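These are my notebook entries on one structure. I looked up one topic at a time and wrote down what I found.

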Amino acid sequence: MPVTDDEIHDKYLERAILEINALNHDVQDARPDDASVAVVGSGHPQADVLLLKHHASREEIEEGVAFYGRSGAAVLKSFGRLGVDPMTVYGTLCDKWPSTDRATDAPQVLPAAASTFLAEEIAIVQPRMIVVMGADALEVLNGLDLPMTETVRDQPGAIQRFTPACEVLVTPAVDDALDELGAKQAFWTAFRELGQWHDSLPPY
């Protein structure tokens with residue numbers, strides 16, 4: 001009996017779920033010390049859009065899940081404005097193991113394993129678009145060992161080619177845009193370009 005497109009899609013999705021779950025277990029097991037916690041990615045394991053922040057908020061540290069709390073709620077609200085289905089999105093962090101006893105507004109030097117895990121995560125999800133939130137996250141993305149990549153410039157709101165199959169949209173850091181009006185406007189001005197990109201996607 002011939003295999004249908006839906007059956008092929010289901011097989012790829014099943015494999016991606018298994019691979020993401022295995023990667024999350026590896027992230028948990030790779031905590032560098034007892035003062036750190038693992039914060040794993042969340043969302044669809046074959047998402048069109050991958051959201052990337054550098055480090056966790058306190059809410060994300062407490063829950064152990066990326067984009068939990070205020071930043072996740074703000075992005076979800078933005079998706080509603082843009083007509084982007086949040087079920088087609090995956091969110092993760094560069095810093096997989098934030099410390100529970102430090103302020104979260106100062107990026108730390110990341111262990112080499114963090115970049116390795118992030119590269120694996122991107123390879124599993126295979127997004128069409130990566131939304132990079134902040135200059136620190138962009139620096140990590142540009143340093144990843146991924147095939148056929150181009151250097152992404154720090155130009156908020158400009159959609160740039162990253163690989164032949166993936167583009168990047170740079171925005172200001174979302175956590176910095178939650179309380180101050182000017183920062184919020186700067187984030188939204190850049191982020192809304194995602195809506196035009198999404199509207200231009202061919203139908204499945």
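**Entry 1. Terms and source.** I count a residue as buried when its relative accessible area is under 20%, and as exposed when that area is over 50%. The model I am reading is predicted. With the cut-off in hand I looked up two residues: Phe 79 is buried, and so is Phe 191.

**Entry 2. Helix H3.** I began with the helix that holds Phe 79. Helix H3 covers residues 70–82, which makes 13 residues. From its first C-alpha to its last I noted 19 Å, close to the 18 Å expected at 1.5 Å a residue.

I then asked which residues of H3 are buried. They are Ser 71, Gly 72, Val 75, Ser 78, Phe 79 and Leu 82. Seen down the axis of H3, the buried residues fall within an arc of 125 degrees, so they line one face of the helix. On the other side of H3, I found Lys 77, Gly 80 and Arg 81 to be exposed.

Next I looked up what the buried residues of H3 pack against. Their partners are the strands S2 (49–53), S3 (89–93) and S4 (129–133), together with the helices H2 (58–63), H6 (181–191) and H7 (193–199). After H3 comes Gly 83, with a positive phi near 75 degrees.

**Entry 3. Aromatic rings.** I record two values here, because a pair of aromatic rings is described by the distance of the centres and the angle of the planes. The structure holds three aromatic pairs. One of them joins Phe 79 and Phe 191; the pair is tilted, with 5.7 Å centre to centre and 45 degrees between the planes. This pair links distant parts of the chain, since Phe 79 is in helix H3 and Phe 191 is in helix H6, 112 residues apart.

Is Phe 187 buried or exposed? It has 6% relative accessibility, so it counts as buried. For Phe 191 the relative accessible area is 0%, so this residue is buried.

**Entry 4. Ser 78.** I returned to helix H3, where Ser 78 lies. Its relative accessible area is 7%, so Ser 78 is buried. I asked which residues Ser 78 is in contact with, leaving aside its neighbours within four places in sequence. They are Phe 187, Trp 188 and Phe 191. Trp 188 also has a charged residue over its face: Arg 81 lies there, at 4.6 Å from the ring centre.

**Entry 5. Lys 53 and Phe 67.** I located Lys 53 in strand S2. At 2% relative accessibility, Lys 53 counts as buried. I found that Lys 53 lies over the face of Phe 67, at 5.5 Å from the ring centre. Leaving aside neighbours within four places in sequence, the contacts of Lys 53 include Glu 60, Phe 67, Ser 71, Met 133 and Asp 175. Cys 94 is another contact of Lys 53. Lys 53 and Cys 94 are 41 residues apart in sequence, yet 6.3 Å apart in space, C-alpha to C-alpha.

I placed Phe 67 in the loop between H2 and H3. Its relative accessible area is 12%, so Phe 67 is buried.

**Entry 6. Positive phi.** I checked backbone angles next, because most residues other than glycine have a negative phi. Phe 67 has a positive phi, near 65 degrees, and is not a glycine. Gln 126 is not a glycine either, and its phi is positive, about 55 degrees. I found Gln 126 in the loop between helix H4 (112–125) and S4. Its relative accessibility is 60%, so Gln 126 counts as exposed.

**Entry 7. The sheet.** In what order do the six strands of the open sheet stand? I read S1-S3-S2-S4-S6-S5, with mixed pairing. Strand S1 (42–43) and strand S5 (159–163) stand at the edges, each with a single partner strand, so one side of each is left without a neighbour in the sheet. S1 pairs with S3 in the antiparallel sense, over two bridges. Gly 43 stands opposite Tyr 90 in S3.

Note on methods:
Residues numbered from 1 in each chain as written. Predicted model: local features only at pLDDT ≥ 70, side-chain atom pairs only at ≥ 80, totals over all residues. Heavy atoms only, no water. Helix = DSSP H or I, 4+ residues; strand = E, 2+ residues; numbered from the N terminus. Expected span 1.5 Å × (residues − 1). Buried < 20%, exposed > 50% of the residue type's maximum accessible area, 1.4 Å probe, protein only. Arc of directions from axis to C-beta. Contact = heavy atoms within 4.5 Å. Phe/Tyr/Trp six-rings, centres within 6.5 Å; stacked < 30°, edge-to-face > 60°. Lys NZ or Arg CZ within 6 Å of the ring centre and 35° of its normal. Pairing = 2+ DSSP bridges.
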